[in-house]
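User: Could you walk me through how to read a metal site and the strands around it? I'd like the general idea and then the case at hand.

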Amino acid sequence: MFADLHLHTNFSDGTYTPEELASHASRHGLSAVALTDHDTVEGCVRMAAACAQTGLEFIPATELTAEMDGNELHLLGYFVDTQNPSLLKEMARFQAVRQNRIREMVARLNGQNVPLQADAVFAIANCRSPGRPHVGRALVQGGFCASMDEAFERFLKKNRPAWVPKFKISAVDAIELIHQAGGLAVMAHPGLNRTDEIIPGLVEAGLDGLECFHTRHSSSQIGHYIRIAKEFDLVITGGSDCHGLSKGKPLIGTVRLPYQHVEKLKEAAAQRSFK
Ligand SMILES: [Zn+2]
Ligand SMILES: [Zn+2]
């Protein structure tokens, strides 16, 4: 039995609906999935229903962008209560910041003689958590760029003309936010950050787990992070980080987390709820 605990839908920057994602998951023979849309848990109700229909175990979750010691990192919150008032309030704030960031990126594109309109991006995003991939799609659809790769290379990548720094809450606050919503905080794709030195500080702040298995982790990185997880007594998680068709090929099915790790995650979540 295998799981994929890192998936996005069109409630953030993925392209699949929850129903499409659930059907891909069952076609790939997965037993359990988690939905980890950026700064939202809105897709979880539909995803839970779709998973129930296809006999898949479902874990509600989200992915928050945070910062520690000047480093950006992503924190996954598993088993969060999707009705938790503080979580919903903070997410609404993050979503407003995202929408302002889109307007700022569009203003910078306009300054580059690219007459894109923010409304075109919001129409494509059609969700409360718009992000750079939506700007990229709008650039392609508007005929300003031939491909998403070109959109990122020319305009949207870090330090390119339309790039705007992203607001991040502190990792300590993000972990606290996840915990007070009854969830477990897991550091996403540490291999992409290459900032292992922040892990002890995160553990100190209450980090519960490490995403050891990820599409972009090499097999040596997987082994490396499993060792770190064991050293700090962290739960091991993993997932494909599938965004549907928005970032090239759909990745669902490419990372298969052995189900024993889901069992451990569930045990840790149950223990947390007794605290
Ligand atoms: Zn991420
Ligand atoms: Zn992700």
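Analyst: Happy to. This is a predicted model. Start with the metals: the zinc ion (ligand 2) and the zinc ion (ligand 1) are 3.6 Å apart, with E63 coordinating both.

User: Which parts of the chain does the pair H8 and E63 tie together?

Analyst: H8 sits in the loop between β1 (2-4) and α1 (18-27), while E63 belongs to strand β3 (residues 57-68), so the pair links parts 55 residues apart in sequence. Both H8 and E63 are buried.

User: Which atoms coordinate the zinc ion (ligand 2)?

Analyst: Its donors are H6 (NE2), H8 (NE2), E63 (OE) and D241 (OD), at 2.1 to 2.2 Å. Along the sequence, these donor residues follow the spacing H-x1-H-x54-E-x177-D.

User: Why is the arrangement of the four donor atoms around the zinc ion (ligand 2) irregular?

Analyst: Four donors count as tetrahedral if all angles lie between 85 and 135 degrees. Around the zinc ion (ligand 2) the angles run from 78 to 169°, which makes the arrangement irregular.

User: Now the strands. How many bridges join β7 to β8, and how do the two run?

Analyst: Five bridges join strand β7 (residues 209-214) to β8, and the two run parallel. From β7 the chain passes through helix α10 (residues 219-231) to β8, a right-handed β-α-β crossover.

User: Is strand β8 mostly covered or uncovered?

Analyst: Mostly covered: five of the five residues in β8 (residues 235-239) are buried. V235, T237 and G239 point one way, I236 and G238 the other, and all are buried.

Definitions and conventions
Residues numbered from 1 in each chain as written. Chains lettered and ligands numbered in written order. Predicted model: local features only at pLDDT ≥ 70, side-chain atom pairs only at ≥ 80, totals over all residues. Heavy atoms only, no water. Buried < 20%, exposed > 50% of the residue type's maximum accessible area, 1.4 Å probe, protein only. Helix = DSSP H or I, 4+ residues; strand = E, 2+ residues; numbered from the N terminus. Pairing = 2+ DSSP bridges. Right-handed = clockwise from strand over helix to strand, strands pointing away. Donors = N, O, S within 2.8 Å, 3.2 Å for Na, K, Ca; no water. Tetrahedral: all angles 85-135°; square planar, octahedral: opposite > 155°, others 65-115°.
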